[in-house]
Amino acid sequence: MTRNRRQTGKPDPDGLPHYQQLLDGTDWASLGTVCGTGESLPAALARLLDPDPAVRADAAKNALGEVTHQNTIYEATVPVALYVAAILNQPDITAGDFDLGTAVPSRRPTLVRLLAWLSDTAYDADDECVAIGERHYGERFLHEYEEMRAFRDLRPAIFSAVQPLLGHESADARDAALVAAIPLAEHPLLAEHRGELVDHARRLLASSTDRQNRDRVLDALKAWGHDTSDLENAADVAARERYARLRAERASWGGDWTGGYSEDPPF
């Protein structure tokens, strides 16, 4: 954890700042990253809007890799998250991606990649992670972890960019938007949106075979008090039983396991 957070562009109460304002108005070189400071981030972030999907994929790897490591929220993570949210609905983000078909099967569309990163980051700052931090470091964990607290405060603004994508024409993008929206919706101001997410969750469970997406959606429904027995398939039951065995094994080692982190079992 670091204790000094520099000022970055902050969203208005009604939404996010323009992405160019974030890019130009943030002192990136003063912000901590995985291996130093963020002076290289503006160039990489700008390339996320390149018309070439291959350039965007490389930019996403470079930019997001700078602020993502071992479930840590860095100083630069917060403005990067704001920038990513601010560009989600830009036409250049999806240029050519959803027309690729199976020509490049290993490449995820930029939009899906960015939503997945927002989702993982939101899970790294969710209520369960806070509870674990408080158990290990004391009640002042969140107060002292300014970067995590800043991200959590911005969840409504980020959600405002993710929500429109719940109706995207691509199933992959819709599912990625839902899985990103779920941890963001832990914010008290977003509680009223959980009913909408439940409807989308039922749709995902009726159509998706993605293990991580199904796990996160089922966990959310259970946390919100919904009976999921009629939504689970045999693979869901087998996964739940396997995770229970992993929890029991880790508990016998005296460890502290959580599904809230982005690196879900089996790690």
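A residue is called buried when its relative accessible area is under 20%. Keep that cut-off in mind. What we have here is a predicted model.

Let's start with the whole protein. How much of the protein is buried? Of its 267 residues, buried ones make up 48%. The protein exposes about 12,900 Å². Carbon and sulfur atoms supply 48% of that area.

Next, the secondary structure. There are 13 helices and zero strands.

What about contacts along the chain? Take the contacts between residues at least 6 apart in sequence. Of these, 66% join residues at least 24 apart.

Now let's pick one pair of helices. Two packed helices are described by the angle between their axes and the distance between the axes. Our pair is H5, residues 110-123, and H10, residues 171-184. Their axes come within 8 Å. They cross at roughly 20 degrees. Angles under 35 degrees count as roughly parallel, so H5 is roughly parallel to H10. Is the crossing left-handed or right-handed? For H5 and H10, it is left-handed.

Who makes the contact? On the H5 side, look for Leu111, Val112, Leu115, Ser119, Ala122 and Tyr123. On the H10 side, the list includes Asp172, Ala173, Ala176, Ala177 and Val179. Ala180, Ile182, Pro183 and Leu184 of H10 take part as well.

And what kind of residues are they? In the contact of H5 with H10, 13 are nonpolar, one is polar and one is charged. That's the pair. Thank you.

Note on methods
Residues numbered from 1 in each chain as written. Predicted model: local features only at pLDDT ≥ 70, side-chain atom pairs only at ≥ 80, totals over all residues. Heavy atoms only, no water. Helix = DSSP H or I, 4+ residues; strand = E, 2+ residues; numbered from the N terminus. Buried < 20%, exposed > 50% of the residue type's maximum accessible area, 1.4 Å probe, protein only. Contact = heavy atoms within 4.5 Å. Areas by Shrake-Rupley, 256 points an atom, 1.4 Å probe, with all protein chains shown as cover. Axes fitted to C-alpha atoms, helices over the stretch in contact; angles between N-to-C directions. Parallel < 35°, antiparallel > 145°, perpendicular 65-115°, else oblique. Left-handed = near helix turned anticlockwise from the far one by under 90°. Nonpolar A, V, L, I, M, F, W, Y, C, P; charged D, E, K, R; others polar.
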